[in-house]
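Student: I want to go through this model one question at a time. Please end each reply on the value or name I ask for.

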Amino acid sequence: MKKFGIKEVVATGIGTALFIVLTEVQIPLVIVPNTSLQVRAALLAFLAAVFGPVVGGITGLLGHALGDALFYGSVWWSWVFPEAVIGIAIGAFANKLKIKEGGFGGKQIALFNIVQVITNAVAWIVVAPVLDILIYAEPADKVFAQGAIACLANVIIIAILGTLLCAAYAKIGAKSSSLTKED
């Protein structure tokens, strides 16, 4: 099992803070109420892909909960937990993605996007709506529509921005790591 060291603690803290700040950076989707295209989804996927499931899970859970509390006044738990699921699931593939080693090529990009599509589908089309119904007694047709749109929005933003963040970090991070190993 991978060590949870100072880099992971720092990544979790900075990632959570950025996730909270990015809560307000969104493009509302008028198709279904209370859904939007959110940049923070790409940040979460990137952090999970680089630093693993613990960083991804904590960042998703704390970032979403604190973002809701600060910007909206209450926490919508049925949408917080799916964010943690996404962070954990994408993070579980961090070693295979080889971003820290600078190996984020075609196969890893494809794997990253396959994992994020499946993870978003499970989180937003299954977990969030079911929790909405169980916790808040929300109408099924409304929450499944919201979940489907949230899934699609996250898949798009992660496919574009998340992939770009991972690719850029793989190029820069691999060079930085090799410099520090030689010193």
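Student: Which residues touch the most other members of the largest nonpolar core?
Tutor: A nonpolar core is a set of buried Ala, Val, Leu, Ile, Met, Phe, Trp, Tyr and Cys residues joined through side-chain atoms within 4.5 Å. Buried means under 20% relative accessible area, exposed over 50%, and partly exposed in between (1.4 Å probe, protein chains only). The largest nonpolar core has 33 residues. The members that touch the most others are Ala49, Ile90, Ile99, Phe104, Phe112, Trp124 and Cys166.

Student: What are the ground rules on numbering, atoms and pLDDT?
Tutor: Residues are numbered from 1 along each chain as its sequence is written, and side-chain values use heavy atoms, with hydrogens and water left out. This is a predicted model: totals for chains, interfaces and linings use all residues, side-chain atom pairs count only at pLDDT 80 or more, and local features need pLDDT of at least 70.

Student: Which helix gives the largest share of this core?
Tutor: Helices here are DSSP runs (H or I, at least four residues), numbered from the N terminus. Helix 1 (6-21), helix 2, helix 4, helix 6 and helix 7 (140-182) each supply at least two core residues. The largest share is eleven residues, and it comes from helix 2.

Student: What does Ile90 touch, leaving out residues up to four places away in sequence?
Tutor: Contact means heavy atoms within 4.5 Å. Ile90 is one of the core residues that touch the most other members. With residues up to four places away left out, Ile90 touches Ala45, Ala48, Ala49, Phe112, Val115, Gln116 and Thr119.

Student: Are helix 2 and helix 3 roughly parallel or antiparallel?
Tutor: Axes are lines fitted to C-alpha atoms, for helices over the stretch in contact, and angles run from 0 to 180 degrees between N-to-C directions. Helix 2 (residues 40-51) and helix 3 (residues 53-72) pack at about 155°, with axes 7 Å apart. Under 35 degrees counts as roughly parallel, 65 to 115 as roughly perpendicular, over 145 as roughly antiparallel and the rest as oblique. Helix 2 and helix 3 are therefore roughly antiparallel.

Student: Is His64 buried or exposed?
Tutor: His64 sits in helix 3. His64 touches Phe19, Arg40, Thr59, Trp79, Val80 and Glu83, not counting residues up to four places away in sequence. At 3% relative accessible area, His64 is buried.

Student: How far apart in space are Gly67 and Phe19, C-alpha to C-alpha?
Tutor: Gly67 is also a helix 3 residue, and with 0% relative accessible area it is buried. Gly67 and Phe19 are 48 residues apart in sequence. Their C-alpha separation is 7.5 Å.

Student: Which parts does the pair of Trp76 and Tyr136 tie together?
Tutor: Rings of Phe, Tyr and Trp (its six-membered ring) pair if their centres lie within 6.5 Å; planes under 30 degrees apart count as stacked, over 60 as edge-to-face and the rest as tilted. There are six aromatic pairs by this rule. Trp76 and Tyr136 are stacked, 4.0 Å centre to centre with 15° between the planes. The pair ties together parts 60 residues apart in sequence, because Trp76 lies in the loop between helix 3 and helix 4 (77-91) and Tyr136 in helix 6 (residues 106-136).

Student: What is the relative accessible area of Ala137?
Tutor: Ala137 lies in the loop between helix 6 and helix 7. Its phi is near 55°, positive in a residue other than glycine. Ala137 is exposed, at 66%.

Student: What is the relative accessible area of Lys98?
Tutor: Lys98 is in the loop between helix 5 (94-97) and helix 6. Phi of Lys98 is near 55°, a positive value in a non-glycine residue. Lys98 is partly exposed, at 38%.
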